[in-house]
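Visitor: Please take one part of this model and go through it slowly. I would like to know how it is put together and what lies around it.

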Amino acid sequence: MNSKTPVIQLKNVSKTFGEVRSLSEVNIEIYPGEIVGLLGDNGAGKSTLVKTIMGFHQPDEGGEIWFKGEKINEWNVAKARELGIETIYQERALCEQQPIWRNMFMGREIKNKFGRLNVKQMKSEATRLMSEHMGFTSTAVHPDNAVLTMSGGEKQGVAITRALYFDAELVILDEPTVGLSLSETKKTLDFIQNIKKSGRSAIFIDHNIFHIYPAVDRMIVLDRGKVAGNYKKSDITMDELIESMYRVARTGSIKE
Amino acid sequence: MSENKDSKVKNNAARPPSFWRRFGMQFGIWSVGIFMWLIFVFTASEAFTSKDIYLAFASSTPLFALMAIPLTLIVITGEIDLSFPAVMALATATFAKIYSGTGNIWVGFIAALIVGTLCGYFNGWLVTWFGIPSLVITIGTSFLFRGIELAWMNGSGVGLTDDKLLGVANLLVGRSFFGIANQFWWTILATLILWFILNRTQFGAHVFLTGDNKTSAQLMGVNVSRVKRRSFAIMGFFAAFAGLVASFEVSYFWPTLGEGLLMNSIASVFLGGTSVFGGIGTVTGTFVGSFIIGAINAGIVASGINAFFTQVFFGLVIILSVIMQAVISKRIKR
């Protein structure tokens with residue numbers, strides 16, 4: 001694949017809920033091996049954008065989603081995941097009464113060619129992933145344990161490991177550090193660097209510019225459903241970025 | 001992954017959940033069953049030590065157990081179906097009409113199963129398409145299906161004593177192995193099939209996820225509407241089958257078929273440890289729950305207690321079991 005071909009590209013994507021326009025004519029593209037930070041105030045449309053990329057929301061008429069240079073017509077979550085987009089949602093997207101292994105393989109269960117689930121393999125894979133990738137020391141990592149017995153960081157671990165397992169081309173992290181301890185946050189930020197090292201892409205959403213700025217290659221600022229700014233990290237210092245974020249919040253425009 | 005080298009992987013003592021945590025609920029159901037049985041063995045030892053009463057359980061309990069078992073799936077998805085007794089009747093009416101019209105048993109039989117499945121699918125479609133709570137909409141469809149059946153049959157029943165029907169009657173409700181009713185084996189088969197569907201297919205996995213947290217399931221690509229529609233369709237299929245079994249058991253199709261089975265089926269599901277909030281449940285629990293309900297019915301009469309007390313006993317057992325489950329699940333969460 002040509003590295004100039006974006007992994008994912010949104011063309012003129014708008015999303016309206018009743019009277020509320022959450023996204024308006026958004027154009028973005030994410031290239032292979034690129035970590036893009038998505039910044040914006042509450043209600044700027046960050047989560048709507050993520051859910052539209054994932055196919056959870058359908059874009060309004062006229063919006064197009066292109067994956068690796070191909071226009072995708074019937075976009076839905078199952079298809080997005082099949083093509084290699086995984087998201088670590090703000091709300092974790094776990095089914096807490098269910099055991100870890102069911103959460104790990106939620107929506108993409110391992111089955112044989114007759115459709116019979118391979119429960120044994122899912123359990124052993126879940127165990128392997130939890131200990132190898134997350135390095136959990138608590139007893140809560142047994143694959144049969146219900147997720148509700150785990151701590152917040154461990155739950156996040158399940159969500160991250162799940163995204164990692166399926167070798168995603170593009171990983172979207174929607175405020176992954178909310179509610180995490182310092183060491184858990186560091187682990188998550190390391191995880192983002194590993195995505196880049198393996199040549200894959202990521203979209204990193206966070207309120208905290210101090211988390212975003214060191215981790216990303218490019219930053220997109222979203223304001224009231226519109227792309228208000230798009231900066232390469234080499235073109236802007238953290239102070240300038242903070243300054244322009246304030247300006248956007250006040251005036252709705254990135255320019256002075 | 002390199003960043004975790006410093007973490008203590010070697011101390012990663014992955015212990016399985018305790019026996020209590022994993023099987024507490026099942027353990028509770030079985031204890032209720034055994035406890036009840038012991039009470040009856042002492043209070044009505046004559047009846048409960050002869051095999052006749054067990055043969056009676058094996059013939060009467062399947063009439064609602066056959067529907068309680070698929071109902072488990074619907075309850076796990078967080079929905080409920082109140083229309084299956086009417087589906088039983090409408091599907092069996094289809095059989096009676098087609099058989100009397102064409103004389104072909106198997107066409108009638110398959111048509112009945114198809115009608116049942118479609119009724120169930122219709123329920124599921126109403127629930128998922130319009131987002132109406134199933135508790136409400138299936139009251140509506142219950143009247144609808146029952147009304148269509150009564151109007152179609154003109155309110156009258158049909159005898160199923162034709163010689164040509166002997167074969168299918170034997171297959172469904174004949175007696176085999178020491179006089180055990182065949183419907184008992186059908187119930188075992190239904191339990192096995194639905195256990196497999198629930199625990200070893202992707203659809204079954206999605207049933208749990210749908211009932212546990214619908215939004216999470218959708219975010220991860222589970223088509224929760226399709227899961228619900230299919231669960232209702234399975235319910236309809238089994239309701240039709242149970243309708244045929246119940247009618248052949250008495251060699252007569254009553255237009256009121258199914259009345260009185262609703263509460264027994266629902267009670268069996270909850271007694272069996274399925275969570276009313278969805279996400280948790282087992283078909284084996286429902287199977288045991290059904291036989292506890294069946295035993296209460298027969299046990300009260302056999303113990304010589306006034307039959308009017310049946311409902312008192314019934315109520316107590318159900319309330320106590322549900323309280324016990326609530327306590328157990330609280331302890332499991334800790």
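Guide: A residue is called buried if 20 or more other C-beta atoms, placed from the backbone, lie within 10 Å of its own, exposed if 12 or fewer do, and partly exposed in between. The model is predicted, so local features need pLDDT of at least 70 and side-chain atom pairs count only at pLDDT 80 or more, while totals for chains, interfaces and linings use all residues. Residues are numbered from 1 along each chain as its sequence is written, and chains are lettered from A and ligands numbered from 1 in the order written.

The part I will take is a sheet in chain A, an open one of six strands. Its order is β6-β7-β8-β3-β9-β10, and the pairing is mixed. Strands (E, at least two residues) and helices (H or I, at least four) are DSSP runs numbered from the N terminus. At the edges stand β6 (85-88) and β10 (226-232) of chain A; each has a single partner strand, so one side of each lacks a neighbour in the sheet. From one strand to the next, the twist averages 20°.

Two strands pair if DSSP finds at least two bridges between them. β6(A) and β7(A), the latter made of residues 170-174, run parallel and are joined by four bridges. In this pair, Ile85(A) is opposite Leu170(A) of β7(A).

Next comes β7(A) itself. Five of its five residues are buried, so far as the count goes, and the strand is mostly covered. Leu170(A), Ile172(A) and Asp174(A) are buried on one side of β7(A), and Val171(A) and Leu173(A) are buried on the other. β7(A) also pairs with β8(A), in the parallel sense, over five bridges. There, Leu173(A) stands opposite Phe204(A) of β8(A).

From β8(A) we pass to β3(A), again with parallel pairing, this time over four bridges. Val36(A) is placed opposite Ile203(A) in β8(A). β3(A) is mostly covered too, with six of its six residues buried. On one side of β3(A) are Ile35(A), Gly37(A) and Leu39(A), on the other Val36(A), Leu38(A) and Gly40(A), and all are buried, which leaves both faces covered. One of the residues involved is Gly37(A), whose bridge partner in β9(A) is Met219(A).

What packs against the sheet? Helix α1 (residues 46-53) of chain A does, touching β3 (35-40), β6, β7, β8 (201-205) and β9 (218-223) of chain A. Contact here is between residues whose C-beta atoms lie within 7 Å. The direction of α1(A) makes about 150° with that of β7(A); angles run from 0 to 180 degrees between N-to-C directions, and axes are lines fitted to C-alpha atoms, for helices over the stretch in contact. Another helix, α6 (residues 182-197) of chain A, lies across β3, β7 and β8 of chain A and runs at about 155° to β8(A).

Thr16(A) belongs to strand β1 (residues 8-17) of chain A. Is Thr16(A) buried or partly exposed? Thr16(A) has 14 other C-beta atoms within 10 Å and is partly exposed. Apart from neighbours within four places in sequence, its contacts are Arg21(A) and Asp60(A). Asn76(A) sits in the loop between β5 (70-72) and α2 (77-83) of chain A. With 16 other C-beta atoms within 10 Å, Asn76(A) is partly exposed. Its C-alpha atom is separated by 6.9 Å from that of Met54(A), 22 residues away along the chain.

Helix α6 (residues 105-130) of chain B has 26 residues. Its buried residues include Gly108(B), Ala112(B), Leu113(B), Phe122(B) and Val127(B). Among the elements that cover the buried residues of α6(B) are α5 (84-102), α7 (134-153) and α12 (224-249) of chain B. The axes of α5(B) and α6(B) come within 8 Å and cross at roughly 150°. Phe95(B) and Ile98(B) are among the α5(B) residues on the meeting side, and Ala112(B) and Val115(B) are among those of α6(B). Just after α6(B), Gly131(B) has a positive phi of about 65°.

Methods. The expected span of a helix is 1.5 Å times one less than its number of residues. Two residues are in contact if their C-beta atoms, placed from the backbone, lie within 7 Å.
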